[in-house]
Every structure is written in C-alpha cells, then in structure tokens.
Amino acid sequence: MSYIWTLAEQANGHLKQVSFELLTRGRKLADSLDTKLASLLIGNGVSAEALRELILSGADEVYYVEDPRLASFSCETYSNIMVELIKTFQPHTILAAATSSGRTLMPYVAVRVKTGLTADCTELDIEETTGNLLQTRPAIGGNILATIKTPNHRPQMATVRPKSTRPPEPDADRDGKIINVPFKEEWLDGRVEFLGYRKDAGDFENIEEADIIIAGGKGMKKAENFKMLRRLSDSLEGMVGATRDAVDRGWIGYSHQIGLSGKTVSPKLYIGAGISGSIQHLAGIKTSEIIVSINNDPEAPLHKIADFAIVGDLFNVLPELQKRLEGGK
Amino acid sequence: MNIIVPIKQVPETSNVKMDPETGTMVRSGVESVVNPLDLYALEAALSLKDSHGATVTAVTMGPPKARKVLDMAISMGCDDGVLVSDRKFGGADTWATSYTLSEAIKALGNVDLIIAGERATDGDTAQVGPGIAAWMNLPLATYISDIEVESEKSLIVERLVEEGYERLRLPLPALITVVKEIASPRLPTLRGKKKAMQTEIRTLSTENLTLESTNLGLKGSPTKVVKIETPKVTRGGTVVEAMDDASVTEAVDRLMDFLRQREVV
Ligand SMILES: Cc1cc2nc3c(=O)[nH]c(=O)nc-3n(C[C@H](O)[C@H](O)[C@H](O)COP(=O)(O)OP(=O)(O)OC[C@H]3O[C@@H](n4cnc5c(N)ncnc54)[C@H](O)[C@@H]3O)c2cc1C
Ligand SMILES: Cc1cc2nc3c(=O)[nH]c(=O)nc-3n(C[C@H](O)[C@H](O)[C@H](O)COP(=O)(O)OP(=O)(O)OC[C@H]3O[C@@H](n4cnc5c(N)ncnc54)[C@H](O)[C@@H]3O)c2cc1C
C-alpha cells in the first residue's frame, strides 16, 4: 500500500506549527488505510531533534532534502524535487498546508505530475468502499461546503487550511526513520532570485497564525481608537484584525484585513467590535471556533452568527473588558 | 512589453442576501461581474503600460456572455480582449482550466508577463495562476504587492508571505499573481467604453486551438465535486444587552465567564 505524505514547512531552520497539524490529518488517513505516514521536508538547517519531533507527532518516516540553497522557498526548485520524489515513491496522497508556499507549490506540482488538487480543505476522510480521499472545502465565500474526489489520478493532493485542526500530542515512545535525501544539482532552478525581506514592513502581522483576534470595523470611528484594540490584543496575547472599511480608511495596514479580499482566519477566539458582519467579512471568519460580537445595532448580521453577542456601545464595553483582563479577575 | 491578464467572470456578491430560513445564498437575480481581485491584476498591468509602455490583453475563459468582462477590461484601458469559449471547456477544474488558458495564451504569441488575480471569489482555489505557469514552464511569483521594472528582461517584486515581504528578482517572461495592496483599480472611462464597443473580441475555441481533447472540461478534470452542502450560518449564541453602565458591567462579566468556560482566557 502506498504511503500518505505530508509536506512539512520550515522557516529559518524551524518547523512551522502547521507541519504538525498536517500530521494529525495524515495519521488519521494512514490508520484508516492501514498504511504508513511520511513527512517530506525541503529546507536548510533543521536539527535532527526537530526532525524527530515529526516522528513523535505521528510520522513513520521523514524525508529531509537539505541544502543552503533551499533555505528560502523557490517554487521551481521545490517542484523539481517533489516531482522526482513523487515519481520514485508514488504516494497515495499528499497533504500540504494552504499557506503562501503550499498554495503556490502544490498547483505547480499537480500540473507537472498530472493530477488533481483540492484547495484549502477543512475536512479529510477516506471513502470506505474505494479508499479514495474525500476532501471537503468551503467555497463561494464560505457559503457552501464542497466535497471533492480525485478518483482516477494519483497521488491525490490537497492543501489544508492552517489551524483547522490541532497538532498531535507528541508520543515519546514513537519510533520512525529519518532519511536524508541527497540534494541533486539538477534540481536547482535559479531563475527567480531571493533578495531578502523588506526591512520597513510597517505594522505587518500574520493574523492567519493568531489564536485570538480582536478585530475592528468602521464603528471604531478613527485610527486612534485602534490603540484600544491593540491593548486588548496584547492582554489576550492575540493580534488585531480589521474590516476592509477600516483598512481603506488607513486606520491599519492591509495585512490585517479579514475577508473575501483579505485573509481567512481560524482563531480559537474572534472578537469583532464595530463590525456589521457583511457577507464579505464573514467569508474570512466562518471557521473561527468562537465568535464574539460587540455592536450597538441589535440587527447587525455579526450578532446573528456570534456565539456571544453584546448589544452595546463598544466605547463602553471595550474599556470595561480591558479593566477585567488587566485586573486578572 | 506584452502583458496578458487572465480574468474570470464571477457572480456579484456585494448584494448577496442570505435566506434566513435555509441559511443559503439567494442566487436569483445575481449579476455577473469581473472577479473583484482581478481588477488589481488589470490595474497592475495598466500601470506598467502607463509607465513603461505595454500592450495589455485581457483573456477570459467562460460562456459567450463572459465577453462582458472583456468589455469592462477594455473600458479600463486594455488594448484587447480574448474570449476562450467552447462547450467542451465547460465544468473544467483548475487543472483543465489552466491547461486550456495556457494553450490560448501560447496561441496569442510572444508574452513577456502574465498577471493573474490572487484568487477568484467563487471557486476560491488560487490555483489557476500557478497552474498556467506550470503548463508554460514559466517562473512564478505569487501574492505580489509591488512591481519595479529593473530592465527589459527583469522585474524586482515584493511578495506578501507569512513572515513579511520577500523581495525577488524575476526574469521575464514570467507569471505573477497580485494582492490588493498593489494599487487601487481605476474606473472605466467614457472613452474606454466607446473603445470597448468598437473593439472586436477574438474568440478561441477547439476550432482554432490545438488541444489535447482528454485535458478539457469536466471529462478532462482530475477532481470531481461529489457533494455540495450549505452550512448553517447562525450559531444561536447568547445575546446580552449593554445599553447603560450597570448592564455594561454585567454583560462583560458574563462574557468573561463565557470565555473562561470555553478556556480561551
Ligand atoms: C468585492 C468586495 C470585496 C470585499 N472584501 C471585503 C473584505 O475582504 N473584508 C471586509 O471586511 N469587507 C470587504 N468588503 C466590504 C464589505 O462589503 C463591507 O463594506 C465591510 O465589511 C463593512 O465594514 P464594517 O463592518 O467595518 O463597516 P459597516 O458595515 O459600516 O459597520 C460598522 C458597524 O459598526 C457599528 N457601530 C457604529 N458605532 C458603534 C459603536 N459606538 N459601538 C458599537 N458598534 C458601533 C454599526 O452598528 C455597524 O454595524 C468587500 C466588498 C466587496 C464588494
Ligand atoms: C464549489 C467548488 C469547489 C471547487 N473546488 C476545486 C478544487 O478544490 N480544485 C480544483 O481544481 N477545482 C475546483 N473547482 C473548480 C474551479 O472552481 C474551476 O476550475 C474554476 O474555473 C477556476 O478556479 P477558481 O475559481 O478557484 O479560480 P482561482 O484559481 O481562484 O483564480 C485565480 C486567478 O486565475 C485566473 N482565472 C481563473 N479562472 C479563470 C478563467 N475562467 N478565465 C480567465 N482567468 C481565470 C484569474 O486571474 C483569477 O484571479 C471547484 C468548483 C466549485 C464550484
């Protein structure tokens, strides 16, 4: 039986959390098919100890392709590696993260190996009768859930929404193999040159990784008032999000925008203040675990989908909440 | 510079209403528009045309009525519009869509730069842009927030990723997908609208393209949609009023209790 693969991700030699979330998904699939789970990592400078973490978290085998020239993501080079490894090992299924690199690399690879790819899945299962992968994903702004199959092509490939599942508890007794795949010069495609990161990235923040988001909309009235949200998010160890209206008014940078033309987030807790809950904004928050809404309009659509709705003036409610969080009671 | 901008026709969502009974989207009477995120791709191409001179061609694959989005593109300032349309293309997934579009783009001759949208607001996969690049073996840079022309043969671009903004040197020809930060889209002009009326839209189909028939449409698509569900939108949560000082205190008390109970604070 061919294996289930996950594509681990690293930045600066550190494994990203999503690499472990993928193992939760992959382990379940491998167990129901009675096959093995392998994790593939392309990068540089990842310690043997970190690689072992992948084993303890559910991988049976780890394939590591390492070279200084693989330190930063290159779609062309990474795809050369994947295409060759796929042809050699012929996995049953490959799961990658729906991150900026996963969503770039996977469609490039899918075309090259002539197979299907399902985007941004939130649910994965095995169809009992056929052993096919059932891939469920939100589409049309989260208004529908589509289940997709790749019946006649292998491998079956999917990207998985970050934070849509928890990483596994590491099991210190687990055993597995770590295989260093020697890097081949011919894999290197130097067409795109990585020059570095921009230094003055302003108030850039990666809200997709936040466990707690406190977001503000037009009801915040002015840029100054976003400081209130910043203080709250500091107390909650979260990040600040915003609606398009707030971003377009220049109250906060685009990297904070949530919704159809911004980020899709799945935090444990989302708090929206002065946000009406337009269909475009909701598209970005629907997979949040808990939604709290603070709005003085009882009819605001965000109240309707909230787990906890406070109908009131945010300028009274937020300071009170801040007091409570700082008072620690 | 020859720039191609693939644009998609999508249902207009800004006026979408939800049916409170069934929790589904009310689709009837919904108009079709240019994918809102493709307006940024069009703007990026037209700014390059303004600053460095370029021919910009918008390409869309869809039913005959999709030509409407090409008119829109020309009225914004594009030079040309190409409709890729054939019954055999219907029901294509992103693999088959990117195959067909890549063949259409090849048929248009030399291209220096392809600028696609970040993703379409309906299918929402963000896979067609990278797919076209793979079919054409072009270098690819996604999520681009800034473009600088370095020379006739290369661009310096900024790419918005989880860690911040990467800076890349990209040789031409290449394919990029752009994010909203790139520029604010211009509006169509009256002159542009007149031009759109006079411009003949070329149509590419199985008649004038050389295509592998097994790669087309629903039949040629590796993925199959087997089920569609509409998740319920309401969560039936707690609602508390906080209209005066006392009720604010109580509301926040209850919120804190709720958050502790759910173990988030
Ligand atoms: C193609 C397209 C893409 C879009 N993409 C996005 C996107 O990605 N993200 C996004 O967010 N939007 C997006 N939009 C815009 C969207 O349609 C809405 O306009 C926007 O989300 C509204 O933002 P808002 O909730 O901040 O403002 P509003 O809708 O104006 O809501 C402000 C709310 O604040 C409340 N309020 C005011 N004062 C107070 C107070 N003192 N206390 C408490 N509450 C108060 C009001 O009752 C109101 O409900 C998009 C639109 C289109 C057409
Ligand atoms: C509910 C649902 C779920 C789906 N899920 C998947 C899936 O997981 N995997 C899959 O392979 N297919 C899937 N499809 C099919 C997919 O939606 C279609 O192939 C669609 O034509 C293109 O994909 P997209 O809308 O995601 O576009 P995206 O890939 O998000 O579009 C990105 C960019 O590509 C360009 N582009 C896209 N389509 C066109 C076009 N027709 N003409 C010109 N330029 C274009 C535009 O520049 C656009 O901004 C799904 C379809 C439905 C209805």
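## Ligand 1 and its helices

This is a predicted model, so here is what its atoms show around the ligand we begin with. Three helices of chain A each put at least two residues into the shell around ligand 1: helix 6 (244-248), helix 7 (279-282) and helix 9 (314-327). The ligand itself sits between chains A and B. There are 28 residues around ligand 1, and the ones that come nearest are Lys218(A), Thr243(A), Ser261(A), Ser276(A) and Gln280(A). Sorted by class, the shell holds 16 polar, six charged and six nonpolar residues.

Now for some polar pairs. The side chain of Thr243(A) has an N or O atom 2.6 Å from an oxygen atom of ligand 1. Asn295(A) also uses its side chain, with a polar atom 2.8 Å from an oxygen of the ligand. With Asn296(A) the backbone is involved: one of its N or O atoms lies 3.3 Å from a nitrogen atom of ligand 1. On its own, ligand 1 would expose 980 Å², and the protein buries 82% of that.

## Ligand 2, a shared site

Which chains supply the residues that surround ligand 2? They come from chains A and B, so this site is shared between chains. Chain A brings strand 7, strand 9 (133-139) and strand 10, while chain B brings strand 6 (55-61), helix 3 (94-107), strand 8 (113-117) and helix 4 (128-135); each of these supplies at least two residues of the shell. Of the 34 residues around ligand 2, those that come nearest are Pro6(B), Lys8(B), Asp38(B), Thr94(B) and Thr125(B). By class, the shell has 16 nonpolar, 11 polar and seven charged residues.

Lys8(B) places a polar side-chain atom 2.5 Å from an oxygen atom of ligand 2, and Asp38(B) has one 2.4 Å from a ligand oxygen.

## The nonpolar cores

In soluble globular proteins, nonpolar side chains tend to be buried together. Here the largest nonpolar core has 56 residues, and those with the most contacts inside it are Leu40(A), Val65(A), Ile81(A), Met82(A), Val109(A), Val84(B) and Ile114(B). Beyond its close neighbours in sequence (within four places), Ile114(B) touches a set of residues including Ile4(B), Pro6(B), Ile105(B), Met136(B) and Leu175(B). Apart from that core lies another one of 42 residues, with Ile212(A), Leu325(A), Val240(B) and Val252(B) among them.

Two cis peptide bonds are worth a look. One runs from Arg154(A) to Pro155(A), with omega near -5 degrees; Pro155(A) is in the loop between strand 10 (144-149) and strand 11 (156-160) of chain A. The other links Leu172(B) to Pro173(B), with omega near 0 degrees, and Pro173(B) lies in the loop between strand 11 (164-171) and strand 12 (174-178) of chain B.

Is Lys114(A) buried or partly exposed? With a relative accessible area of 46%, Lys114(A) is partly exposed. Lys221(A) has phi of about 75 degrees and is found in the loop between strand 14 (212-216) and helix 5 (226-236) of chain A. At 57% relative accessibility, Lys221(A) counts as exposed, because the cut-off for that label is over 50%.

Definitions and conventions. Residues numbered from 1 in each chain as written. Chains lettered and ligands numbered in written order. Predicted model: local features only at pLDDT ≥ 70, side-chain atom pairs only at ≥ 80, totals over all residues. Heavy atoms only, no water. Core = buried A, V, L, I, M, F, W, Y, C linked by side-chain atoms within 4.5 Å. Buried < 20%, exposed > 50% of the residue type's maximum accessible area, 1.4 Å probe, protein only. Contact = heavy atoms within 4.5 Å. Near = heavy atom within 4 Å. Polar contact = N/O pair within 3.5 Å; in protein donor to acceptor, adjacent residues only side chain to side chain. Areas by Shrake-Rupley, 256 points an atom, 1.4 Å probe, with all protein chains shown as cover. Helix = DSSP H or I, 4+ residues; strand = E, 2+ residues; numbered from the N terminus. Nonpolar A, V, L, I, M, F, W, Y, C, P; charged D, E, K, R; others polar.
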